[in-house]
Amino acid sequence: MHFDWVGAASIFVTTDANGVWIKANRDGLRSLSNFLATLAEEDGRGPHFHLADYLGLEEGSLELLVELVGG
């Protein structure tokens, strides 16, 4: 599975007492939507993507894991 970042994408994932926050600029949201659309088209067992500050997220961001379940 291959994902392409859009433009000057910026995504930061954090949590607080209210829940999980995904903070992103427009290119970051476009990138994330492309990742989700790509994942939705995958076949096989347990396709997923993993983003972290060493894999494209902003420094200090929590890791983000998204997995396709069911079908």
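**Close-up A. Aromatic pairs around F49.** Four aromatic pairs turn up here, where rings of Phe, Tyr and Trp (its six-membered ring) pair if their centres lie within 6.5 Å, with planes under 30 degrees apart counted as stacked, over 60 as edge-to-face and the rest as tilted. The rings of F3 and F49 are edge-to-face, because their centres lie 5.3 Å apart and their planes stand at 65 degrees. This pair links distant parts of the chain, 46 residues apart: F3 sits in the segment before β1 (11-16), and F49 in strand β3 (residues 48-51). Helices (H or I, at least four residues) and strands (E, at least two) are DSSP runs, numbered from the N terminus. This is a predicted model, in which local features need pLDDT of at least 70 and side-chain atom pairs count only at pLDDT 80 or more, while totals for chains, interfaces and linings use all residues. Residues are numbered from 1 along each chain as its sequence is written, and side-chain values use heavy atoms, with hydrogens and water left out.

Close-up B. Is F49 buried or exposed? With a relative accessibility of 3%, F49 is buried, meaning under 20% relative accessible area, whereas exposed means over 50% and partly exposed lies in between (1.4 Å probe, protein chains only). The rings of F35 and F49 also form an edge-to-face pair, since their centres are 5.8 Å apart and their planes are at 65 degrees. F35 belongs to helix α1 (residues 26-40) and F49 to strand β3, so this pair ties together parts that are 14 residues apart in sequence. F35 is buried at 1% relative accessible area, while F3 is partly exposed at 22%. Ring pairs join F3, W5, F35 and F49 into a cluster.

Close-up C. Contact here means heavy atoms within 4.5 Å. Leaving aside neighbours within four places in sequence, F35 is in contact with F3, D4, W5, F49 and L51. S31 lies in helix α1 and is buried, with a relative accessible area of 0%. With neighbours within four places in sequence again left aside, the contacts of S31 are D4, W5, V6 and A9.

**Close-up D. The nonpolar core.** Which residues make up the largest nonpolar core? Its nine residues are I11, V13, L32, F35, L39, F49, L51, L57 and L64; a nonpolar core is a set of buried Ala, Val, Leu, Ile, Met, Phe, Trp, Tyr and Cys residues joined through side-chain atoms within 4.5 Å. The elements giving two or more residues to this core are β1, α1 and β3, and α1 gives the most, with three residues.

**Close-up E. The β1-β2 hairpin.** β1 and strand β2 (residues 19-24) run antiparallel and are joined by six bridges; two strands pair if DSSP finds at least two bridges between them. A hairpin through two residues joins β1 to β2. F12 has K23 in β2 as its bridge partner. The charged end of K23 sits over the ring of W21, 5.9 Å from its centre, a label that needs NZ of Lys or CZ of Arg within 6 Å of the ring centre and within 35 degrees of the ring normal.

**Close-up F. S61 in its loop.** S61 lies in the loop between β3 and β4 (64-67). S61 is buried, with a relative accessible area of 8%. Not counting residues up to four places away in sequence, S61 touches I11, F12, V13 and D53.
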